Amino acid sequence: MTLSAERIALGVCWLAWAWPFAFRAPHYQKRASITAMGPTVAGLLLEVLAIVIALAFRLPPSQPPGPVRVLASIVAGAISAVLSWTAVKHLGRQFRVNAGLYEDHELVRTGPYGIVRHPIYSSVLAILLSTILLLTPWRWAAVSLVLFVVGTEIRVRTEDHLLASRFGREFAEYRRKVPAYVPFVR
């Protein structure tokens, strides 16, 4: 099987999206923190399952994605990379995989955090959409998206609860003004 230019572009988008998480985000920080592991793991498992479904169930060779889907896939992939790079940069020392707060946690509202409260989840949604548009039949795309949204909602609600408990009115005002992870959707 030969790789098409579209699939190579998708692979490049995945690498560009993942790079800041692997090589730019601070890992293994030795700072006091509280962590909400249960909901994080549950949400993360649903998100990973959504991605696995998008990658595993492929369009038949007789039904290639077509130029509109290919172009939309490349645009979504590029958006995902920009979001992941800028979110990791602006989040800085606040970066964590598991929902939680460091003892000296700060509420970040700059860069992509001024557009959505959880731009990392926006970046995952964008790379998932990029994958779905290029590879996945619509019936499996719907399953994948539902699983992703459920998993992400679990994680968003957990993180928002933690942030509200720490930052009170400041977070309530931020939450009122800035959508969770899809721009313009409250």
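This is a predicted model: local features need pLDDT of at least 70, side-chain atom pairs count only at pLDDT 80 or more; totals for chains, interfaces and linings use all residues.

Visitor: What share of the residues is buried?

Guide: Of the 186 residues in the protein chain, 44% are buried. The word means a relative accessible area under 20%.

Visitor: Why is I127 called buried?

Guide: Its relative accessible area is 0%. The cut-off for buried is under 20%, so I127 with its 0% counts as buried. I127 lies in helix α4. Leaving aside neighbours within four places in sequence, I127 is in contact with C13, W14, W17, G77 and S80. I127 and I74 are 53 residues apart in sequence, while their C-alpha atoms are 9.4 Å apart in space.

Visitor: And why is H161 called exposed?

Guide: H161 has a relative accessible area of 58%. H161 is found in helix α5. The C-alpha atoms of H161 and F171, ten residues apart along the chain, are separated by 9.8 Å.

Visitor: How do you know that the size of the protein chain agrees with a compact globule?

Guide: We set two values side by side. A compact globule of 186 residues would have a radius of gyration near 16 Å, and the protein chain has 17 Å, so the two agree. The C-alpha atoms fill a box of roughly 55 × 30 × 30 Å along the principal axes.

Visitor: Which elements does the protein chain contain, and in what pattern?

Guide: There are five helices and two strands. Along the sequence the pattern reads α-β-α-α-β-α-α.

Visitor: Which residues touch the most other members of the largest nonpolar core?

Guide: They are F95, Y113, I120 and L128, in a core of 37 residues. Helices α1, α2, α3, α4 and α5 each supply at least two residues of this core, and α5 gives the most, with nine residues. In soluble globular proteins, nonpolar side chains tend to be buried together.

Visitor: What does I120 touch?

Guide: Not counting residues up to four places away in sequence, I120 touches F21, A87, L91, F95 and Y113. Contact here means heavy atoms within 4.5 Å.

Visitor: How many side chains are charged each way?

Guide: The protein chain has 20 positive and 10 negative side chains, and the centres of the two sets lie 4 Å apart.

Definitions and conventions
Residues are numbered from 1 along each chain as its sequence is written. Side-chain values use heavy atoms; hydrogens and water are left out. Helices (H or I, at least four residues) and strands (E, at least two) are DSSP runs, numbered from the N terminus. The radius of gyration is taken over C-alpha atoms; the globule rule is 2.2 Å times the number of residues to the power 0.38. Buried means under 20% relative accessible area, exposed over 50%, partly exposed in between (1.4 Å probe, protein chains only). Lys and Arg count as positive and Asp and Glu as negative; His and the chain ends are not counted. The place of a charge is taken as NZ of Lys, CZ of Arg, CG of Asp or CD of Glu. A nonpolar core is a set of buried Ala, Val, Leu, Ile, Met, Phe, Trp, Tyr and Cys residues joined through side-chain atoms within 4.5 Å.
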